[in-house]
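Here are a few notes from going through this one. Have the structure open while you read.

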Amino acid sequence: MDLPVVVGVDGSESSLRAVDWAADEAALRGLPLRVVYASLWERYERAVFATGGERSEQILNGVFVAAAHERARKRVPDLKVSTEVIPDGPTPVLLHEARRASVLVLGSRGRGDIADLLLGSVSLTVAGRADCPVIVVRGGRDDEGGTPRRIVLGIGAEAATANAVRFALEEAERRGAVVEAIRAWRRPAREATDDPLLGEGPVFAHEKGAVQTLEAALLDAPAGVELLKRTAEGSARKVLLDASHSADLLVVGARRHPGHFGLQLGRVTHTVLHHAACPVAVVPERV
């Protein structure tokens, strides 16, 4: 059974941009789009902002999902779109939806300053625990939608990136995009460049190791994908953030440890979700 593309909405402009991305993703995959709204989020906001009563909440629920449905159908007229308002909090709703989705798409902000912070926390938690790839639609070149032309792929250790590599390459095939695969490497602090006893030997070894890791990760890349391979000295966080400024999508892997129910995001993934200049796809890796 083909699983739908799922998008979580909350009525914010950020979530409507997520609808654009999700509609495009569903059309490219030949899948239906499912729009979900967690109604208890609105109850929380009402408690904080005192915005009205039960009737007001029901009206807003309908407005949010109707606007998302109309936007998706306008963007992709033949797309099959379903909507559902679910009476639960956003995190449990989205994690449940992720179990039966091919991809889960989220915005990066909510409505208002407090909502922005809290919904950002929801997106972060879901990206760190979801069973399917999660795309968080951040600002940058693709704010207005359209097909990504350049996908940046962060290459980590082989066991921690296999699914992310597959996801990025498949996305590139669907979209006719270029994939820039990057492996960052760092010289240990004790190996200072001005140490006359070390010279360039250890530095070369670290860079060579990065090249080998990059080549191994991309060994089975399909010939039809335009692939750029690059190693870069520096922290992975800085290297990927810099690359995100010229990218339409940044893809990273996130390890999932069976039996562990806390937030499962490394420092690199956590950082790019907060600061990348383009949408970020977080792909679960089972290790």
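1. A word on counting before anything else: helices here are DSSP runs of H or I with at least four residues, strands are runs of E with at least two, and both are numbered from the N terminus. On that basis the protein has nine helices and ten strands. Bear in mind that this is a predicted model.

2. Taking contacts with a separation of 6 or more, 80% are between residues 24 or more positions apart.

3. Now the cores. The largest nonpolar core has 44 residues, and the members touching the most others are Val-7, Leu-33, Val-105, Ile-135, Ile-151, Leu-153 and Val-251. There is also a second, separate core of 38 residues, with Val-93, Ile-182, Ala-184 and Ala-254 among them.

4. Have a look at Val-7. Beyond its neighbours within four places in sequence, Val-7 contacts Ala-18, Val-19, Ala-22, Leu-33, Arg-34, Val-35, Val-36 and Val-105.

5. How do α8 and α9 cross? The axes of α8 (residues 236-244) and α9 (residues 267-275) come within 9 Å, at roughly 30°. Angles under 35 degrees count as roughly parallel, so α8 is roughly parallel to α9. The crossing of α8 past α9 is right-handed.

6. As for who meets whom, α8 brings Ala-236, Arg-237, Leu-240 and Leu-241, while α9 brings Arg-267, Val-268, Thr-271, Val-272 and His-275. Sorted by class, this contact has five nonpolar, two polar and two charged residues.

Note on methods: Residues are numbered from 1 along each chain as its sequence is written. This is a predicted model: local features need pLDDT of at least 70, side-chain atom pairs count only at pLDDT 80 or more; totals for chains, interfaces and linings use all residues. Side-chain values use heavy atoms; hydrogens and water are left out. Axes are lines fitted to C-alpha atoms, for helices over the stretch in contact, and angles run from 0 to 180 degrees between N-to-C directions. Angles under 35 degrees count as roughly parallel, over 145 as roughly antiparallel, 65 to 115 as roughly perpendicular and the rest as oblique. A crossing is left-handed if the near helix is turned anticlockwise from the far one by less than a right angle, and right-handed if clockwise. Contact means heavy atoms within 4.5 Å. Ala, Val, Leu, Ile, Met, Phe, Trp, Tyr, Cys and Pro count as nonpolar, Asp, Glu, Lys and Arg as charged, and the others, Gly among them, as polar. A nonpolar core is a set of buried Ala, Val, Leu, Ile, Met, Phe, Trp, Tyr and Cys residues joined through side-chain atoms within 4.5 Å. Buried means under 20% relative accessible area, exposed over 50%, partly exposed in between (1.4 Å probe, protein chains only).
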